[in-house]
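Good morning, colleagues. Please look at the sequence and the structure on the screen while I take you through them.

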Amino acid sequence: MRDQASKVTYWGGGGSALERGATDTVPSRGVGSAALHVLNRSPDPVPAAQVALRVVTKSADDEELSEETWVLSLHDIPPCTHITYPQSALELGAVQEAGTEPLNVSSGDGIWGPVAMHFVDTRGREWRRTQTSLKEGSMPDAVAKPLQAHNFVVGTEAKVREVESCGDAGGGG
């Protein structure tokens with residue numbers, strides 16, 4: 001029952017503060033890669049997935065930390081696929097004010113990283129993944145709350161490549 005779900009995962013993170021040697025306060029594997037990675041090592045497609053990204057930024061006077069969670073929604077992730085979004089291609093919000101540069105996950109002085117994933121397998125079962133667990137179940141609050149608040153991430157310029165070790169229990173490529 002968990003076969004396909006066990007082969008779907010995410011990792012990544014980055015931000016301007018990490019580029020200057022700051023330590024990581026966002027729980028994520030592979031922090032510092034300055035990209036979000038979504039991996040489907042299953043021979044079956046993933047019809048729908050959402051990845052929650054926590055963005056922690058400092059105020060202009062370095063006094064306060066601001067923390068928000070945003071969600072990237074993906075549809076029809078092909079089988080045996082590794083999708084990479086560089087942090088510059090993860091834009092916050094679907095609507096931008098005319099004449100302004102879009103904000104992305106690394107626009108502020110801070111860090112970002114993925115914290116949870118919700119996806120549907122080919123049999124229609126829902127799964128919840130965090131850095132440390134995989135459980136069958138409905139959308140976790142870490143994903144649902146930013147969706148309700150319309151905190152959407154728009155992923156542009158994704159690099160999509162085929163995974164060499166598809167369908168096996170080993171690590172992906």
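The protein chain contains two helices and 11 strands; helices (H or I, at least four residues) and strands (E, at least two) are DSSP runs, numbered from the N terminus. Along the sequence, these elements follow the pattern β-α-β-β-β-β-β-β-β-β-α-β-β. This is a predicted model, in which local features need pLDDT of at least 70 and side-chain atom pairs count only at pLDDT 80 or more, while totals for chains, interfaces and linings use all residues. Residues are numbered from 1 along each chain as its sequence is written, and side-chain values use heavy atoms, with hydrogens and water left out.

Let me begin with the chain as a whole. Of its 173 residues, 44% are buried, where buried means under 20% relative accessible area, exposed over 50%, and partly exposed in between (1.4 Å probe, protein chains only). The chain exposes about 8,800 Å², and carbon and sulfur atoms supply 49% of that area; accessible areas come from the Shrake-Rupley method with a 1.4 Å probe, and for residues only the protein chains shown count as cover. Taking contacts between residues at least 6 apart in sequence, 69% join residues at least 24 apart, a contact being heavy atoms within 4.5 Å.

I turn now to the sheets. Seven strands form an open sheet with mixed pairing, in the order β6-β10-β4-β3-β7-β8-β9; two strands pair if DSSP finds at least two bridges between them. Its edge strands are β6 and β9 (134-136), each of which pairs on one side only. Neighbouring strands of this sheet are turned by 30° against each other on average, direction ignored. Helix α2 (residues 141-148) packs on the sheet, where it touches β3, β4, β7 and β10 (152-155), and its direction makes about 95° with that of β4. For such angles, axes are lines fitted to C-alpha atoms, for helices over the stretch in contact, and the values run from 0 to 180 degrees between N-to-C directions.

The other open sheet has four strands in the order β1-β2-β5-β11, with antiparallel pairing. Because β1 and β11 (159-162) stand at its edges with a single partner strand each, one side of each is left without a neighbour in the sheet. Here, neighbouring strands are turned by 15° against each other on average, direction ignored. Six bridges join β1 and β2 in the antiparallel sense, and the partner of Gly12 in β2 is Leu36.

What lies in the interior? The largest nonpolar core has 25 residues, and those with the most contacts inside it are Leu36, Val38, Leu53, Leu74, Leu90, Met117 and Phe119. A nonpolar core is a set of buried Ala, Val, Leu, Ile, Met, Phe, Trp, Tyr and Cys residues joined through side-chain atoms within 4.5 Å. Strand β3 gives the most to this core, with five residues. Apart from it lies another core, of five residues, among them Ala52, Val71, Ala116 and Val143.

Finally, I would draw your attention to one loop. Strands β7 and β8 pair in the antiparallel sense over four bridges, including the one between Val120 and Glu126, the latter in β8. Between β7 (110-120) and β8 (126-129) runs the loop that holds Asp121. Is Asp121 buried or exposed? Asp121 is buried, with a relative accessible area of 2%. A polar atom of the Asp121 side chain lies 2.9 Å from the backbone nitrogen of Arg123.

How values were computed: A polar contact is a pair of N or O atoms within 3.5 Å; within protein, one must be able to donate a hydrogen and the other to accept it, and residues adjacent in sequence count only if both atoms are side-chain atoms.
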